[in-house]
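Please load the model and follow along.

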Amino acid sequence: MQVDVWSTEIEELFLLIGHRFGRVDLRRRMRAYVRGLLGPVGRKNSWQLAEHAGHATPHGLQNLLSRARWNPDDVRDDLQEYVAERLGGPDGVLIVDDTGFLKKGTVSAGVQRQYSGTAGRTENCQIGVFAAYASSRGRAPVDRELYLPKSWTGDRDRCRAAKIPDDRDFATKGDLAKSMIQRALASPLPIAWVTADSAYGQEWRLRRMLEEAGVSYVLAMPKSQHTLAGRIDFAIAQAPDDAWERHSCGNGAKGPRVYDWAAAKLPSVPDFDGENPTHDRWVLARRSLTRPQEIAYYLAYATADTAVAELVRVAGARWAIEECFQAAKNECGLDEYEVRRYPGWYRHITLAMLAHTFLAVMAAAAGTEKGAAETVPVTLCPSPWRKSGDSWRLTARPHLSADVSSAR
């Protein structure tokens, strides 16, 4: 019975994207490629995927990734529609992060020695910036962009050799993230929140873009981040003991991830928020129970009726994209490609995302997707922290920086 359900679902997925491949032979190769990514293939490169599909040579699958005429961005759009239908929910969170792909040599598009969070050190690698979608129904990747360092975009001959379009200029990882967020907001995905780590969260232009769109966020920050109440770590250090609440921010491999959390609303900014703001900005901090000196910091933007438990849930949702990376690499060959040119990277990555999303949808249908744990608050000076109703507020410092936008 389960085999029938899986077979029916994957056929529906193939029908959804099949019109993006103009010829019957291309549709067959696409199906063989995705089935191979889902299958028990030792290393999911073109040779082994072709063998799994019963092809005499890998040339057909290699042509699918290199020379065949189809646009992976169209398939990405269909993927977002599929995720919206199968996994979308009113609690949906869009998550942005990057991951590294270790590579040898110098000819793979975008490769150079650069820091990879995946490896935890500087390596010869490509960096992909990704967006994932998570809700109580499941999580899946929904967009991707290849980061091109200036060593590439400044050398047009090198770009042409790797089939990088002439109009692809240098863009920071933050710029790529903003583009993906804008696309996701214009898609059918029901997005209530955006979250990201501090590499993206500290970019005030990204935060301002979300605020202008009316989208709530919880974004990680470095401890040196300035707010309207001063440096974020100094502001949190002045929090009274009863400002800290104990919450789970979701399930991990060993059960609920429980931390102490402190949150306070920041003063509004009339120039940005108007006289009757509908949203509040918050500072948020997460403190380890066993190592209380380990504190993570966040800035948040949310509707006025938002509870701290909801901010905590969104902060915890950021781990979902790490789980997507791990599952897509381990199960769908996300990092096992052998293409070197720019179009091939997008094509393989998009089809691997599609395969992973199919697995996520089937897991959700079978009820095996882990949901967020119930948040469990515990009982809840001369200090900038002031209690106002059932929440805390931070008062502004007497002398604010003239550059308000950089402190937001």
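Cys159 is buried, with a relative accessible area of 1% (buried means under 20%, exposed over 50% and partly exposed in between, using a 1.4 Å probe and protein chains only). This is a predicted model, in which local features need pLDDT of at least 70, side-chain atom pairs count only at pLDDT 80 or more, and totals for chains, interfaces and linings use all residues. Residues are numbered from 1 along each chain as its sequence is written, and side-chain values use heavy atoms, leaving out hydrogens and water.

**Cysteines**

- The structure holds zero disulfides, a disulfide being a pair of cysteine sulfur atoms within 2.5 Å.
- Cys159 is in no disulfide, and its nearest cysteine sulfur, in Cys125, is 17 Å away.
- Cys332 is buried, at 0% relative accessible area.
- For Cys332, the closest cysteine sulfur belongs to Cys324 and is 10 Å away, too far for a bond.

**Leu64**

- You will find Leu64 in helix 4 (residues 59-66); helices are DSSP runs of H or I with at least four residues, numbered from the N terminus.
- Leu64 is buried, with a relative accessible area of 0%.
- Beyond its neighbours within four places in sequence, Leu64 is in contact with residues including Phe21, Tyr33, Trp70, Arg347 and Leu351, where contact means heavy atoms within 4.5 Å.
- Asp98 is 34 residues from Leu64 in sequence and 26 Å from it in space, C-alpha to C-alpha.

**Lys163**

- Lys163 sits in the loop between helix 7 (156-161) and helix 8 (173-186).
- Its phi is near 60°, a positive value in a residue other than glycine.
- Lys163 is partly exposed, with a relative accessible area of 47%.

How values were computed. Helices (H or I, at least four residues) and strands (E, at least two) are DSSP runs, numbered from the N terminus.
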